[in-house]
Amino acid sequence: MKKKTPPSDDPFLEWLAWLMDESIAIGPWKFGLDGVVGLIPGVGDMAGGVVSAVIILGAARRGIARSAVIRMVINVATDAFVGFLPVVGDIFDFAYKSNMRNMQIYREAMTGERRAVRDWAFIGLVALVLFVILLLPLIGLLYLARYLGRVF
């Protein structure tokens, strides 16, 4: 069973994360303004990103490990990247609660429960996946150029 960490020492950041990710309850589902505002094309995702940046900057100012800050940025980047997709992105905005995830990272970092090694391992994995994603099209282009060189 996962141990619940206590609230952070910054009630404003806690409130902001709650407002953006869990302030609206309909039956068993909770979502926040991030999902609702995200429905506004262009402006909605930017507004959510600004609020997420406030949470990350607040945590960074409190002196949490850089690995935890980078992990928080990856959460917001994931939310923003998938959020740009039509329809699927809107559904994802309601389900993926990056601000609440980031507050959990912040709380764990402040209480010493967070292991920087795990964060760095995750960051390394993300970097490796992004490298492979960028490398595959280049390899495909090389093979295509080679093939076209033989044909012509």
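Tyrosine 96 is buried in this predicted model, because its relative accessible area is 12%, under the 20% cut-off. Its ring forms a pair with the ring of phenylalanine 92. Phenylalanine 92 has a relative accessible area of 22%, so this residue counts as partly exposed.

**Aromatic pairs**

- The structure contains 3 aromatic pairs.
- In one of them, the ring centres of phenylalanine 92 and tyrosine 96 lie 4.9 Å apart, and the ring planes meet at 15 degrees.
- The pair is classed as stacked because an angle of 15 degrees falls under the limit of 30 degrees.

**Overall architecture**

- The protein chain comprises 7 helices and 2 strands.
- Along the sequence, these elements are arranged in the pattern α-β-β-α-α-α-α-α-α.
- The C-alpha trace extends over about 65 × 35 × 30 Å along its principal axes.
- The radius of gyration of the chain is 19 Å, whereas a compact globule of 152 residues would have a value near 15 Å.

**Burial, surface and contacts across the chain**

- Of the 152 residues in the protein chain, 32% are buried.
- The chain exposes about 10,100 Å², and carbon and sulfur atoms contribute 73% of that area.
- Among contacts between residues at least 6 apart in sequence, 65% connect residues at least 24 apart.

**Serine 67 in helix H4**

- Serine 67 belongs to helix H4, which covers residues 66-83.
- Serine 67 is buried, because its relative accessibility is 2%.
- Leaving aside residues up to four places away in sequence, serine 67 touches Ala116, Asp119, Trp120 and Ile123.

- Isoleucine 64 is located in the loop between helix H3 (43-61) and H4.
- Although isoleucine 64 lies in a loop, this residue counts as buried, with a relative accessibility of 9%.
- With residues up to four places away in sequence left out, the contacts of isoleucine 64 are Ala59, Val69, Met72, Tyr106, Ala109 and Met110.
- Isoleucine 64 and tryptophan 18 are separated by 46 residues in sequence, and their C-alpha atoms are 20 Å apart in space.

**Alanine 25 in strand E1**

- Strand E1 (residues 24-26) includes alanine 25.
- Alanine 25 counts as exposed because its relative accessibility is 53%, over the 50% cut-off.
- From alanine 25 to valine 73 there is a separation of 48 residues in sequence and of 26 Å in space, C-alpha to C-alpha.

- Valine 87 is placed in the loop between H4 and helix H5 (88-95).
- Valine 87 is exposed, with a relative accessible area of 58%.
- The phi angle of valine 87 is near 60 degrees, which is a positive value in a residue other than glycine.
- Most residues other than glycine have a negative phi.

Key: Residues numbered from 1 in each chain as written. Predicted model: local features only at pLDDT ≥ 70, side-chain atom pairs only at ≥ 80, totals over all residues. Heavy atoms only, no water. Helix = DSSP H or I, 4+ residues; strand = E, 2+ residues; numbered from the N terminus. Rg over C-alpha atoms; globule rule 2.2 N^0.38 Å. Buried < 20%, exposed > 50% of the residue type's maximum accessible area, 1.4 Å probe, protein only. Contact = heavy atoms within 4.5 Å. Areas by Shrake-Rupley, 256 points an atom, 1.4 Å probe, with all protein chains shown as cover. Phe/Tyr/Trp six-rings, centres within 6.5 Å; stacked < 30°, edge-to-face > 60°.
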